[in-house]
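Reader: I'm new to this one. Can you walk me through a strand and a pocket?

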Amino acid sequence: MPDTLLKEPTPATQATPRHRRPADIVGDIAPEHRRVLTDRALLFIADLERRFGAQRRILLDDRKLAQMRYDDGELPEFPLETEHVRKSVWEVAPIPKALQDRRVEITGPVDRKMMINALNSGAKTFMADFEDASSPTFSNMLDGQANMQDYANGELAFDDEARGKSYRLNDKTATMIVRPRGWHLEEAHISVDGRAISASLFDFGLHFFHNAKALTEQENGPFYYLPKIESYQEARLWNDVFNFAQAAIGIPNGTIKATVLIETLPAAFQMDEILYVLRNHMAGLNCGRWDYIFSYIKTLRNHKQFVLPDRAQVGMDRAFLKAYSLKLIETCHRRRAHAMGGMAAQIPVKGDEAANTAAFDKVRADKKREVEQGHDGTWVAHPDLVPVAMEVFDAAMPHANQVISQRQMPRVTAESLLTPHTGDVTEAGIRTNISVGIEYTAAWLRGKGAVPIHNLMEDAATAEISRSQLWQWLHHGIEYKDQDGNAQIFQQSAFDRLLDEEIGKIKAPIGEAAFIEGRYPEATKVFVKTATGETLPDFLTLPAYDVLRTLS
């Protein structure tokens with residue numbers, strides 16, 4: 001980093017130019033977090049915000065304009081202005097050795113013990129998630145950054161005195177990939193020139209500032225997953241951030257490697273472009289299937305012909321999801337990038353061998369589909385599923401990856417990327433969306449971002465699917481099958497009745513006091529408002545974050 005940027009901030013008694021002031025901390029921080037929010041780190045993230053924050057806000061406005069066009073009848077399509085990028089011959093920069101074999105990746109929050117377990121799980125890589133798998137309390141975010149520092153310095157350990165257990169890293173661990181929060185989110189506890197900082201720049205900036213040099217020397221990073229991107233312009237902004245950050249710290253350009261989650265419908269029409277603008281920093285693309293389903297619903301919310309059936313009937317083996325996964329594989333391999341598969345949300349079912357066997361069988365079938373399609377790796381949510389997925393990929397993929405593949409891929413059209421799944425909307429599906437949405441939102445408000453519900457590991461994407469489906473079904477007055485198989489029209493009165501019954505099921509076993517203490521009233525209010533309002537809010541986590549700040 002240039003000396004001018006590394007100089008300690010001018011003492012408060014002297015006048016400091018606005019562009020040289022560090023970011024401001026809103027509120028108090030614990031002593032253990034001071035090593036994260038050092039003066040120099042605060043100056044670095046302030047510089048990121050001042051350089052790139054305005055462009056981020058412009059791009060978020062562009063999202064709103066695009067959604068207005070979709071609401072008025074337009075459909076996503078391949079951009080005409082970048083046809084030359086899609087048709088020309090080019091490849092991304094070489095992938096470093098640490099990311100050549102990613103056949104099984106495990107994901108999870110940045111909780112210290114869970115990080116150690118994930119790194120020791122036997123997976124090839126671990127995505128440490130500051131976003132959908134973490135509730136963004138300020139303490140959680142700073143704890144995660146402190147954990148990242150200890151990992152980079154070889155000091156990550158945890159002693160659970162209550163249980164008398166110690167957790168240490170194995171000699172060989174998974175490679176760490178960090179997922180910062182998306183462009184749409186802000187970190188309210190840090191301000192720059194009176195405005196809340198971008199959560200993306202906050203998460204990335206702190207991790208990069210403290211750890212980039214050490215990870216570079218270890219040839220083990222810095223590596224990132226980039227979420228919720230909707231356009232190549234948003235990817236280009238990340239590339240600009242990377243270029244500046246590497247020059248500022250003093251590491252070679254292209255050291256950063258990023259994997260972009262294709263988890264929005266508009267981004268699926270711009271895969272070539274996203275790879276191209278990030279080509280010097282690109283590692284691959286990932287099928288972020290759960291957020292992708294949410295984005296499909298949100299983007300096409302006003303189009304009744306694209307209404308989806310119950311979530312359980314929306315699988316990766318057909319319709320728009322199959323087309324999207326095939327398009328991602330074909331695009332990545334043509335550009336010599338890795339094509340990563342999606343999440344297996346199943347978790348072990350304790351005390352029920354039949355249910356546990358069924359869950360593992362679903363994982364095997366899903367991973368077999370992915371590796372046979374041509375994916376270079378896949379995701380799991382629990383350490384016990386690592387050997388299951390590894391066995392499937394080892395059997396079908398003897399080499400480190402399938403990037404150089406002779407497999408003939410089908411042509412994927414714009415129409416196939418929009419083809420909806422067929423099936424039924426049922427009362428059981430409506431009830432599941434209500435219960436899962438409220439259960440998850442309540443846990444999120446309690447500070448937990450990855451939550452086991454109904455034998456699945458759920459994160460924010462699940463709650464987003466739940467409430468957006470409910471909104472779309474209500475908005476279009478769809479027909480659903482009640483418990484007796486009779487056809488009914490889904491209206492507000494039916495929603496209110498089923499909501500009361502599902503809340504009753506949650507409250508009955510825990511009692512009124514635990515219901516209140518568990519943040520269920522606040523969760524219900526946020527979830528219902530975002531599921532039944534006149535317009536569909538862009539993200540559940542935005543109004544939920546306002547509530548979280550008052551509780552934490």
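Author: Here is a short tour, starting with a strand and ending with a pocket. Keep in mind that this is a predicted model.

Reader: How many bridges join β2 to β13?

Author: Three, and the two strands run parallel. β2 covers residues 104-109. V104 has T378 as its bridge partner in β13.

Reader: And β12, how many bridges there?

Author: Three bridges join β12, residues 338-344, to β13, again in parallel. A344 has V380 as its bridge partner.

Reader: Which helix does the chain cross through from β12 to β13?

Author: Helix α12, residues 353-373. This β-α-β crossover is right-handed.

Reader: New topic. What volume does the second largest pocket have?

Author: About 810 Å³. The lining has 35 residues. Closest to the centre are W290, A312, Q346, K362 and L456.

Reader: Which elements give two or more residues to that lining?

Author: They are α10 (289-299), β12, α12, α15 (427-445), β15 (456-458) and α16 (460-476).

Reader: Which one gives the most?

Author: α12, with six residues.

Reader: How do the lining residues divide into nonpolar, polar and charged?

Author: In the second largest pocket, 18 are nonpolar, nine polar and eight charged.

Key
Residues are numbered from 1 along each chain as its sequence is written. This is a predicted model: local features need pLDDT of at least 70, side-chain atom pairs count only at pLDDT 80 or more; totals for chains, interfaces and linings use all residues. Side-chain values use heavy atoms; hydrogens and water are left out. Two strands pair if DSSP finds at least two bridges between them. Helices (H or I, at least four residues) and strands (E, at least two) are DSSP runs, numbered from the N terminus. A crossover is right-handed if, with the strands pointing away from the viewer, the path from the first strand over the helix to the second runs clockwise. On a 1 Å grid over the protein atoms alone, a cavity is a set of points where a 1.4 Å probe fits but cannot get out, and a pocket is an open set with protein on both sides within 12 Å along at least five of seven lines; lining residues have an atom within 4 Å of a point. Grid points are joined across faces, edges and corners, and a volume is the space filled by probe spheres set on the points. Ala, Val, Leu, Ile, Met, Phe, Trp, Tyr, Cys and Pro count as nonpolar, Asp, Glu, Lys and Arg as charged, and the others, Gly among them, as polar.
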